[in-house]
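Visitor: I am new to this structure. Please take one part, the charged pairs and the spaces inside, and walk me through it closely.

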Amino acid sequence: MASDNEKTQEQQKQIQDELKSASVSRRGFIDRIKALGFGFGAAVTLGVDGADAREAPDTSVNLNSTNPALNAIINEADKPEGQKKPGDEGIQMAWYRRFFRRFYRRGWHGGYRRFFRRFYRRW
Amino acid sequence: MTTSGVGESHAGLDSASVDVPVFVFVLVKLASRCNIDCTYCYWFRDAEVYKKPPVLTVEAEEAFCKRLEEHIRRFELEAFMIVFHGGEPLLFPKHRFIALLDKLNAIEKRTGCVIERGVTTNAMLIDREWTQIFETYGVSPSVSIDGPAEIHDQLRVDFKGKGTHAATLRGLELLRAAGIEPGIISVANPASDPAQLLAYIVDELGIKEFDILPPDARHGDNPPPIDRYFIRLFDVWYDTYAARGVRVSTLDAMIRGLSGRLSISDTIGLGPIDTVTLMTDGALEPLDVLRIAGDGSTATQSSVFANQLQDVQEDPHWLGAFKASVTLPEVCLKCEFLDACGGGHLAQRWSAERQFDNPSVYCASWKAVLGHIWKRIAPTLVVELEPSRLLISNLDRELPSTNGTSPGRRG
């Protein structure tokens with residue numbers, strides 16, 4: 001009988017294979033993740049009522065990319081300048097809520113990085 | 001102060017997790033008028049704008065600075081952000097802008113709070129004096145330019161209907177000659193080829209980080225679909241420019257959303273909108289783009305003369321917009337792109353019949369665009385499993401709240 005760890009790894013591999021085949025829609029992907037008992041996406045992270053996300057699962061699926069440009073975008077705000085440290089998650093969320101979204105939209109330019117660093121460190 | 005009721009009666013973000021935060025960002029309208037007449041502008045769709053003073057009044061400026069300092073002290077803020085906006089903000093007299101910036105510097109000195117400043121402009125009025133002001137006072141400009149002259153001049157016209165590209169380019173060049181690298185914001189023209197826009201901004205202007213926004217529209221406007229435009233934009237960017245380090249904010253937001261990360265844009269993505277706008281008469285209003293809803297749609301009873309900055313959150317109009325941003329219609333909640341789209345831009349959900357209780361007017365287009373991007377990026381995605389956590393619960397531990405006791409959570 002496979003251990004929980006082996007079972008989880010097997011499930012992870014299954015999801016990976018489905019993604020690689022390029023045949024799975026996002027709906028299919030989300031349903032698959034959900035059926036396996038994992039959480040995924042901003043709706044789960046934020047606890048969206050009505051989106052089956054109120055009860056957060058114990059394990060979440062994170063996606064990265066083998067494409068360097070995509071991966072940089074996916075992880076940029078999560079790991080600003082390689083400074084991510086354990087316990088910083090709340091600071092990142094603060095950034096999202098209070099500055100990043102608005103300033104990103106209003107003024108996308110080099111200055112925002114300076115701004116980002118400044119606020120990130122202060123918070 | 002209370003925000004009870006947020007999320008109580010509708011599905012959406014859990015009300016406990018979307019408490020109104022302490023404001024650390026204000027959009028300051030230096031001018032309510034503009035020197036050009038862009039055909040797609042949301043601002044003048046509300047005739048109330050014409051009843052406002054043309055530029056920020058001296059009295060409103062004084063009161064705002066006083067309120068700002070009180071706000072910073074009250075919440076012990078270490079950082080605050082002001083974006084100067086319009087109309088066209090550079091219609092504001094230079095000597096008054098300098099005086100305002102001096103006041104902000106003085107507040108910084110007295111409180112120790114860093115006050116970052118940005119300005120969004122069409123750049124047509126920029127001269128050497130403006131560039132010196134920006135440089136001296138650390139004001140970061142963003143320039144609105146929609147592409148090469150043949151695209152830009154179709155919709156960004158002056159009051160005689162003439163294109164404004166040449167004047168904008170002149171301002172842009174002056175900024176860059178002064179060593180100021182401005183941000184670029186473009187509005188998509190669905191009738192054009194986005195490849196032309198990308199080539200212009202990246203190859204001709206030499207700018208690698210910018211944004212391309214969907215045209216502002218509400219239900220009833222029947223705007224043309226934008227799916228073909230944004231699908232082509234993504235494909236050209238992905239195949240030609242991504243590896244060169246070129247970044248388009250709206251595409252970033254969609255990619256992040258599709259890969260399960262949180263939103264980084266008001267344009268698209270899931271999350272609350274809590275912008276405060278200072279009008280030229282001192283009124284405090286919600287997100288300025290909501291003016292697209294029509295006459296008086298953003299008018300509140302709050303102003304810097306009578307209220308603290310934080311008080312606007314109790315105003316029904318401000319609270320209504322905030323609630324709407326976290327209260328999505330059923331069709332969105334059941335959508336496979338919910339967390340990547342979040343109902344789109346709040347203003348684009350407006351209809352006269354149902355107010356904000358609609359998906360985006362671009363819903364069908366965003367579905368097609370997000371579906372296409374998913375199809376292209378899915379084969380590159382790598383699955384990682386990690387312990388789940390609600391980020392909001394971390395927020396509660398980290399952030400100051402408006403009642404000063406339970407961070408991020410309000411009763």
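Guide: Start with a term. A salt bridge is a side-chain nitrogen of Lys or Arg within 4 Å of a carboxyl oxygen of Asp or Glu. B:Glu61, B:Glu62, B:Arg96 and B:Lys103 are joined in a network of such bridges. Over all chains, the structure holds 24 salt bridges. Side chains of opposite charge can pair when their charged atoms come close.

Some ground rules come next. This is a predicted model, where local features need pLDDT of at least 70, side-chain atom pairs count only at pLDDT 80 or more, and totals for chains, interfaces and linings use all residues. Residues are numbered from 1 along each chain as its sequence is written, chains are lettered from A and ligands numbered from 1 in the order in which they are written, and side-chain values use heavy atoms, leaving out hydrogens and water.

Now take the pairs one by one. In chain A, the side chains of A:Arg32 and A:Glu18 form a salt bridge at 2.7 Å, N to O. This pair links distant parts of the chain: A:Arg32 sits in helix 2 (residues 26–35) and A:Glu18 in helix 1 (residues 4–20), 14 residues apart. Helices (H or I, at least four residues) and strands (E, at least two) are DSSP runs, numbered from the N terminus. A:Arg32 is partly exposed, at 24% relative accessibility. A:Glu18 is partly exposed too, at 26%. On this scale, buried means under 20% relative accessible area, exposed over 50%, and partly exposed in between, with a 1.4 Å probe and protein chains only.

Move to chain B. B:Lys66 and B:Glu70 meet in a salt bridge of 3.5 Å, N to O. Both belong to helix 1 (residues 58–74) of chain B, four residues apart, so about one helical turn separates them. An α-helix has 3.6 residues a turn, so residues three or four places apart point the same way. B:Glu70 has 25% relative accessibility and counts as partly exposed.

Another bridge in chain B joins B:Lys94 and B:Asp127 at 2.6 Å, N to O. That pair links distant parts of the chain, 33 residues apart: B:Lys94 is in helix 2 (residues 94–111), and B:Asp127 is in the loop between strand 3 (114–121) and helix 3 (128–137). B:Asp127 is partly exposed, with a relative accessible area of 26%.

Next, the spaces inside. The structure holds eight cavities of 30 Å³ or more. On a 1 Å grid over the protein atoms alone, a cavity is a set of points where a 1.4 Å probe fits but cannot get out, and lining residues have an atom within 4 Å of a point. Grid points are joined across faces, edges and corners, and a volume is the space filled by probe spheres set on the points.

The largest cavity holds about 560 Å³ of space. Its lining has 27 residues, with B:Cys41, B:Tyr42, B:His85, B:Ser144 and B:Arg156 nearest the centre. The elements giving two or more residues to this lining are helix 5 (89–106) of chain A, and strand 3 and strand 5 (183–187) of chain B. By kind, the lining divides into 14 nonpolar, seven polar and six charged residues. Here Ala, Val, Leu, Ile, Met, Phe, Trp, Tyr, Cys and Pro count as nonpolar, Asp, Glu, Lys and Arg as charged, and the others, Gly among them, as polar.

The second largest cavity holds about 120 Å³. It is lined by 14 residues, and B:Cys332, B:Cys335, B:Cys341, B:Cys363 and B:Lys367 lie nearest its centre. Helix 10 (330–333), helix 11 (338–341) and helix 12 (363–377) of chain B each give two or more residues to this lining. Helix 12 of chain B gives the largest share, four residues. This lining divides into 10 nonpolar, three polar and one charged.

B:Phe356 lies in the loop between helix 11 and helix 12 of chain B. B:Phe356 is buried, at 13% relative accessibility. Leaving out residues up to four places away in sequence, B:Phe356 touches B:Leu290, B:Ala324, B:Leu346, B:Arg349 and B:Trp350. Contact means heavy atoms within 4.5 Å.

Last, helix 8 (residues 249–258) of chain B. Just after helix 8, B:Gly260 takes a positive phi of about 95 degrees. In chain B as a whole, 61% of the 411 residues count as buried.

Definitions and conventions:
1 Å grid on protein atoms, 1.4 Å probe; cavity = no way out; pocket = protein on both sides within 12 Å on 5 of 7 lines; lining within 4 Å.
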